[in-house]
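Student: Let's work through this one. Put the structure up first, then I'll ask.

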Amino acid sequence: MNARRRIATLSAAIVTVLGVSLGTAGCGLGANASSGSSSTSNSSPVNIGVIYPKTGQYAEYGQMFQRGFDLAVAQVNANGGVKGRKLGLKYFDTQSDPKQDAAVAPKLVADKSIVAVVGDYASAASSAASPTFQAAGLVHYGFTNSALTFTDTGDHIWTPAIGIDTLQKANANIVAKKAKKISVVYIENDWGKQAFEFFKAQAAKNGTQIVYSSSYLADSTDLSPILIPARDAKPDAVVDLGYGPDGALVVNTLRDKLGFTGPFFGGQEVPEFFEIAGKNAEGTIITGNFSATGTKDKKAQRFVKDFKAKYGENPGSFEVRAYQAITDLAYAANKTEPTRAGIQKALQTVTDFPLYEGNGGTFKFDQKTRRAANIKPILEIARDGKFEQYNE
């Protein structure tokens, strides 16, 4: 991320903090947000609280989430809502920062119209809010939180996200088919550390030699100091375990500054990755959970059609995850009742949640881990400025 962009991001963060201090943090920020009423009468909306990065370093993810959220709400309400009541969203901008998540959590708990909470983007941020939701008996649905420790807080913490262990096993397996010796760099946070440990374990099983490894800070602007030795270790490929923007910085440094021409594995299915990496993104392989052009599931294809009609382009993995999260909770409310207790009961008992990710079908939760029991990752490859499903 360049200096000008960081200044803009900081300015947005200051505006957000000022907004919170004026008491606006609890107000709906999205087009389909509810009015903020805490009424729970049969005519009032059933609300889902959303903690997400509308501004800040991860704002691009928040924008993708909101498109999936809003489409899901519109469709749920067009199909009768939840037990005849309208579904609404109450957005809270946290910048996916653990301190902000922890601070805003009590506001969601106090709003009795909120029957469940979705978010945040980063597992560390989500986990900072989870204890408050757990203590209040409010379901926390971390729909992108692949860190295995996310659900450790208690029985009201759930996630349909594919576990980081499963993702990194698939990642290491495809890398092993392309390279014998690799350099690995990873983002310096809890997620990155876990990702590296799971990747390293599977690489060892596959006989893949890691000739160099290093972490890097999420806000790094120059990765040359760690990527020069990564190149000089003479790997067959370089693997990055991180997010979209930093993945672009890694591959740009390797290609444009260091002359590395071997295979690269890293980045994420976000527009910013392609905007920053440009032609350097071509051929990158990642593990993912959805392909708009590759899915053969009828309801997933219908979702793609509806999304494209509304937004003018195909959805990616993060849009479908957000859409999935809202449809999951609406389905849960209709199976039981649109209350906090009803949502919890449904996640404990329902075995046929409609699945839009992976290969479609339905899914259920493993009651011990409170993670989706049967969603599998797919492989994706960057071609012509977008990711598409990769079939070996």
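Student: Ser96 first. Buried or exposed?

Tutor: Ser96 is buried, at 6% relative accessible area. Buried means under 20% relative accessible area, exposed means over 50%, and partly exposed is in between, with a 1.4 Å probe and protein chains only.

Student: What should I know about the model and the numbering?

Tutor: The model is predicted: local features need pLDDT of at least 70, side-chain atom pairs count only at pLDDT 80 or more, and totals for chains, interfaces and linings use all residues. Residues are numbered from 1 along each chain as its sequence is written, and side-chain values use heavy atoms, with hydrogens and water left out.

Student: Back to Ser96. Where does it lie?

Tutor: Ser96 is in the loop between β2 (87-93) and α3. Helices (H or I, at least four residues) and strands (E, at least two) are DSSP runs, numbered from the N terminus.

Student: And what is the phi of Ser96?

Tutor: Near 55°, which is positive, and Ser96 is not a glycine. Most residues other than glycine have a negative phi, and most peptide bonds are trans.

Student: What about Lys234, what is its phi?

Tutor: Lys234 also has a positive phi, about 55°, without being a glycine. Lys234 sits in the loop between α7 (224-232) and β8 (237-241). Lys234 is exposed, at 63% relative accessibility.

Student: Peptide bonds, then. Is the one from Gly119 to Asp120 cis or trans?

Tutor: The Gly119 to Asp120 bond is cis, with omega near 5°. Asp120 is in the loop between β3 (114-118) and α4.

Student: Helices next. At what angle do α3 and α4 pack?

Tutor: About 25°, with the axes of α3 (residues 98-110) and α4 (residues 123-136) 7 Å apart. That makes α3 roughly parallel to α4. Angles under 35 degrees count as roughly parallel, over 145 as roughly antiparallel, 65 to 115 as roughly perpendicular and the rest as oblique. Axes are lines fitted to C-alpha atoms, for helices over the stretch in contact, and angles run from 0 to 180 degrees between N-to-C directions.

Student: Is the crossing of α3 and α4 right-handed or left-handed?

Tutor: The α3 and α4 crossing is right-handed. A crossing is right-handed if the near helix is turned clockwise from the far one by less than a right angle, and left-handed if anticlockwise.

Student: Which residues make the contact?

Tutor: α3 brings residues including Ala102, Ala105, Leu108 and Val109. α4 brings residues including Ala125, Ala129, Thr132 and Phe133. Contact means heavy atoms within 4.5 Å.

Student: How do the contact residues of α3 and α4 divide by type?

Tutor: 12 are nonpolar, 2 polar and 1 charged. Ala, Val, Leu, Ile, Met, Phe, Trp, Tyr, Cys and Pro count as nonpolar, Asp, Glu, Lys and Arg as charged, and the others, Gly among them, as polar.

Student: Electrostatics. How many salt bridges does the structure hold?

Tutor: The structure holds 9. A salt bridge is a side-chain nitrogen of Lys or Arg within 4 Å of a carboxyl oxygen of Asp or Glu. One of them joins Lys193 and Glu188 at 3.2 Å, N to O. Lys193 is partly exposed at 39% relative accessibility, and Glu188 is partly exposed at 31%.

Student: Asp297 forms a salt bridge with which residue?

Tutor: With Lys299, the closest N and O atoms being 3.2 Å apart. Asp297 is buried, at 14% relative accessible area. Lys299 is buried too, at 16%.

Student: What is the N to O distance for Asp352 and Lys335?

Tutor: The Asp352 and Lys335 side chains meet at 3.9 Å. Asp352 lies in the loop between α12 (340-349) and β11 (353-354) and Lys335 in helix α11 (residues 317-335), so the pair ties together parts 17 residues apart in sequence.

Student: Which residues are linked in a network of salt bridges?

Tutor: Arg67, Glu313 and Glu319.

Student: Last one, Ile48. Where is it?

Tutor: Ile48 is in strand β1 (residues 46-52). Ile48 is buried, at 2% relative accessibility. Ile48 and Ala116 are 68 residues apart in sequence but 5.2 Å apart in space, C-alpha to C-alpha. Not counting residues up to four places away in sequence, Ile48 touches several others, among them Leu89, Val118, Ile326 and Leu329.
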